[in-house]
Amino acid sequence: MKYLIIGAGGTGGSIGGFLANAKKDVTLIARGAHLHAMEEHGLSFETTRKGNFTVNPIKVCDMEHYEEKADVIFVCVKGYSLEDTIPFIKKASHEKTIVIPLLNIYGTGKKLQEQLPEVLVTDGCIYIVGEIKEAGKILQSGDIFRIVYGVRNKEEFRPELEAIKQDLEDAGIDVILSDNIQKDALQKFSFVSPMAACGAYYDVRVEEVQKEGDIRSTFIALIEEINEIAKAMNISLPENIVEINLEIMDQLAPNASASMQRDIWAGKASEIDGLVYEVVRLGKKYGVPTPMYDKVAEKFS
């Protein structure tokens with residue numbers, strides 16, 4: 001299958017680089033210095049999972065110059081850039097294309113499907129801590145690299161979804177083809193949102209959340225608030241969701257941070273609306289108190 005990765009940062013760059021390293025047909029969409037560095041020197045990785053390696057050459061271009069039709073499109077942009085990708089996805093798709101959004105924001109697949117009725121849009125999420133260390137180089141912090149995706153309605157299932165799973169596993173990526181993606185995506189959100197909210201609220205990296213104390217207790221409180229919202233939505237997260245998320249947190253490299261934090265530090269646009277304010281909105285919608293999220297939202301509003 002022909003893969004297209006929209007967004008070549010820590011998430012998309014990692015997926016594309018691992019697929020290309022496994023000799024899959026994949027093209028990365030990038031721009032600026034990162035694009036030019038990959039054109040000239042390939043894409044390099046610093047990882048604890050797979051060591052350090054470089055994929056060179058690697059197929060990469062910008063949206064304007066991509067002229068092919070992709071079988072599988074991974075959307076790996078920030079939430080605030082999602083709308084900008086829709087015309088390009090339409091241009092790069094054929095009638096059997098499968099689109100897999102892997103954003104931090106919950107519910108992205110359903111929203112994209114409404115605007116892309118011609119193709120199948122799944123829901124998906126990813127567990128990874130990755131970032132562009134410098135143009136042409138991706139840094140992965142920690143061993144976790146897991147993609148979860150699936151259709152919201154069972155009648156939409158296609159055999160190609162199994163083939164995608166096999167290709168990703170061939171590339172050395174952990175994969176779950178979910179039969180309850182709305183639950184699994186919300187479970188992932190119950191980690192990434194508290195991680196971003198807690199880290200931004202205290203202005204700290206992961207190492208401070210890994211220690212017992214007020215910061216870790218805040219992380220737990222944020223998870224519990226999302227769990228209560230999930231119950232109000234009739235979505236059953238695991239009973240030990242706090243322990244599951246703490247275990248993930250403790251596996252991360254101490255110097256890791258959420259991408260939302262890094263954007264705030266850099267003075268860029270961030271995903272705070274989808275990762276923090278949206279939880280407050282959901283709490284109000286479903287009648288669930290969110291006192292800790294309210295504090296975080298108040299600090300940044």
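Helices and strands here are DSSP runs, numbered from the N terminus. The model shown in every view is predicted.

**View 1. K23 sits in the loop between helix 1 (12–21) and strand 2.** K23 is not a glycine, yet its phi is positive, at about 70 degrees. Most residues other than glycine have a negative phi, and most peptide bonds are trans.

**View 2. N234 occupies the loop between helix 8 and helix 9.** Here too phi is positive in a residue other than glycine, near 65 degrees for N234. N234 is exposed, with a relative accessible area of 73%.

**View 3. A cis peptide bond joins N56 to P57.** Omega of this bond is near 5 degrees. P57 belongs to the loop between strand 4 (52–55) and strand 5.

**View 4. Y3 and F74 form one of the aromatic pairs.** A search of the whole structure finds nine such pairs. The ring centres of Y3 and F74 are 6.3 Å apart and the planes meet at 10 degrees, so this pair is stacked. Y3 is in strand 1 (residues 2–6) and F74 in strand 6 (residues 70–75). The pair thus links distant parts of the chain, 71 residues apart. Y3 is buried, at 0% relative accessibility. F74 is buried as well, at 0% relative accessibility.

**View 5. Y66 and F88 make an edge-to-face pair.** Their ring centres lie 5.9 Å apart, with the planes at 70 degrees. Y66 comes from the loop between strand 5 (59–61) and strand 6, and F88 from helix 3 (residues 82–92), so the pair ties together parts that are 22 residues apart in sequence. Both Y66 and F88 are buried.

**View 6. Helix 3 has a buried set of residues.** This set consists of L82, T85, I86, F88, I89 and A92. An α-helix has 3.6 residues a turn, so residues three or four places apart point the same way. The cover over the buried residues of helix 3 includes strand 1, strand 2 (25–29), strand 6, strand 7 (93–101) and helix 4 (108–115).

**View 7. Rings also gather in a cluster, and charges sit over a tyrosine.** Ring pairs link F18, F45, F53 and F145 into the cluster. Elsewhere in this view is Y127. R146 lies over the face of Y127, at 5.0 Å from the ring centre. K188 also lies over the face of Y127, at 6.0 Å from the ring centre.

**View 8. The largest nonpolar core has 51 residues.** F219 and V276 have the most contacts inside this core. Strand 9 (123–134), strand 10 (137–150), helix 6 (181–202), helix 7 (206–209), helix 8 (214–232), helix 9 (241–251), helix 11 (272–286) and helix 12 (291–300) each supply at least two residues. Helix 6 gives the largest share of the core, 11 residues. Which residues does V276 touch, leaving aside its neighbours within four places in sequence? They are A197, M260, Y293, V296 and A297. A second, separate core has 38 residues, including I98, I126, Y149 and L168.

**View 9. G142 is a buried glycine in strand 10.** Its relative accessibility is 10%, so G142 counts as buried. Leaving aside its neighbours within four places in sequence, G142 is in contact with T48, Q251 and A253. G130 is 12 residues from G142 in sequence, and their C-alpha atoms are 8.8 Å apart.

**View 10. The largest cavity holds about 90 Å³ of space.** There are three cavities of 30 Å³ or more. The lining of the largest has 14 residues, and L103, I105, Y106, G124 and A185 lie nearest its centre. Helix 4, strand 9 and helix 6 are the elements that give two or more residues to this lining.

**View 11. The largest pocket holds about 1,300 Å³ of space.** Its lining has 47 residues, with G9, G10, C76, V77 and K78 nearest the centre. Helix 3, strand 9, helix 6 and helix 10 (259–265) each supply at least two residues of this lining. Strand 9 gives the most, with seven residues.

Terms used:
Residues numbered from 1 in each chain as written. Predicted model: local features only at pLDDT ≥ 70, side-chain atom pairs only at ≥ 80, totals over all residues. Heavy atoms only, no water. Phe/Tyr/Trp six-rings, centres within 6.5 Å; stacked < 30°, edge-to-face > 60°. Helix = DSSP H or I, 4+ residues; strand = E, 2+ residues; numbered from the N terminus. Buried < 20%, exposed > 50% of the residue type's maximum accessible area, 1.4 Å probe, protein only. Lys NZ or Arg CZ within 6 Å of the ring centre and 35° of its normal. Contact = heavy atoms within 4.5 Å. Core = buried A, V, L, I, M, F, W, Y, C linked by side-chain atoms within 4.5 Å. 1 Å grid on protein atoms, 1.4 Å probe; cavity = no way out; pocket = protein on both sides within 12 Å on 5 of 7 lines; lining within 4 Å. Points joined across faces, edges and corners; volume = space filled by probe spheres on them.
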